[in-house]
Amino acid sequence: STKLPSVSIQLSRTQFELVNKISRNIMEKKHVSRPLFPEYRPEVPIKGNAKEWWKYTVRSIGRITRKRSWTEFYIAFQQRKEYIPLYKRFSAKNCSWITPLTQK
């Protein structure tokens, strides 16, 4: 380990209270278990929805072991296919041959 020289800082009372509030918030959340891959987690109770929860389990294990289903690859491919033209339109402000993306 490297030893750092001491550092002196000055905080206002408000800044000090804010730092304390943030650190308490972080420490409280440290012990709270968060769901694994919340984007896949079903928003229905476990009881009566076994099929959806098993899908969540299989997808989560697939993400952990880095094994994906062909369906996931296909969905990612479709999303990429849709995203690239939109990104080109968004970033091409000075290109006359690309129709710019307009906000609604």
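1. Starting with the fold: the protein has 3 helices and 0 strands. Going along the sequence, that gives the pattern α-α-α. Bear in mind that this is a predicted model.

2. On burial, the count is 10% of the 104 residues in the protein. The accessible surface comes to about 10,700 Å², and carbon and sulfur atoms hold 59% of that surface.

3. On contacts, look at those with a separation of 6 or more: residues 24 or more positions apart account for 19% of them.

4. Now the rings. The structure holds 4 aromatic pairs. One of them joins Trp 53 and Tyr 56 in an edge-to-face arrangement, with 5.6 Å centre to centre and 85 degrees between the planes. Both residues sit in helix α2, which covers residues 50–64. Trp 53 and Tyr 56 are 3 residues apart, or about one turn of the helix.

5. Are Trp 53 and Tyr 56 buried or exposed? Trp 53 has a relative accessible area of 13%, so this residue is buried, the cut-off being under 20%. Tyr 56 comes out at 10%, so by that cut-off Tyr 56 is buried too.

6. A second pair to look at is Tyr 83 with Tyr 87. Their ring centres are 5.9 Å apart and their planes meet at 25 degrees, so the pair is stacked; the limit for that label is under 30 degrees. Both tyrosines belong to helix α3, residues 70–91. Along that helix, Tyr 83 and Tyr 87 are 4 residues apart, again about one turn. Tyr 87 has a relative accessible area of 45%, so Tyr 87 is partly exposed, as this value falls between the 20% and 50% limits.

7. Last, the surface towards the start of the chain. Which residues form a nonpolar patch there? They are Val 7, Ile 9, Leu 11, Phe 16 and Val 19, and together they have about 520 Å² of accessible area. Leu 11 is found in the segment before α1, the helix spanning 13–30. With a relative accessible area of 43%, Leu 11 is partly exposed.

Note on methods:
Residues are numbered from 1 along each chain as its sequence is written. This is a predicted model: local features need pLDDT of at least 70, side-chain atom pairs count only at pLDDT 80 or more; totals for chains, interfaces and linings use all residues. Side-chain values use heavy atoms; hydrogens and water are left out. Helices (H or I, at least four residues) and strands (E, at least two) are DSSP runs, numbered from the N terminus. Buried means under 20% relative accessible area, exposed over 50%, partly exposed in between (1.4 Å probe, protein chains only). Contact means heavy atoms within 4.5 Å. Accessible areas come from the Shrake-Rupley method with a 1.4 Å probe; for residues, only the protein chains shown count as cover. Rings of Phe, Tyr and Trp (its six-membered ring) pair if their centres lie within 6.5 Å; planes under 30 degrees apart count as stacked, over 60 as edge-to-face and the rest as tilted. Patches are made of residues with over 30% relative accessible area and no salt bridge: like charges are joined within 9 Å, nonpolar side chains (Val, Leu, Ile, Met, Phe, Trp, Tyr) within 5 Å. A salt bridge is a side-chain nitrogen of Lys or Arg within 4 Å of a carboxyl oxygen of Asp or Glu.
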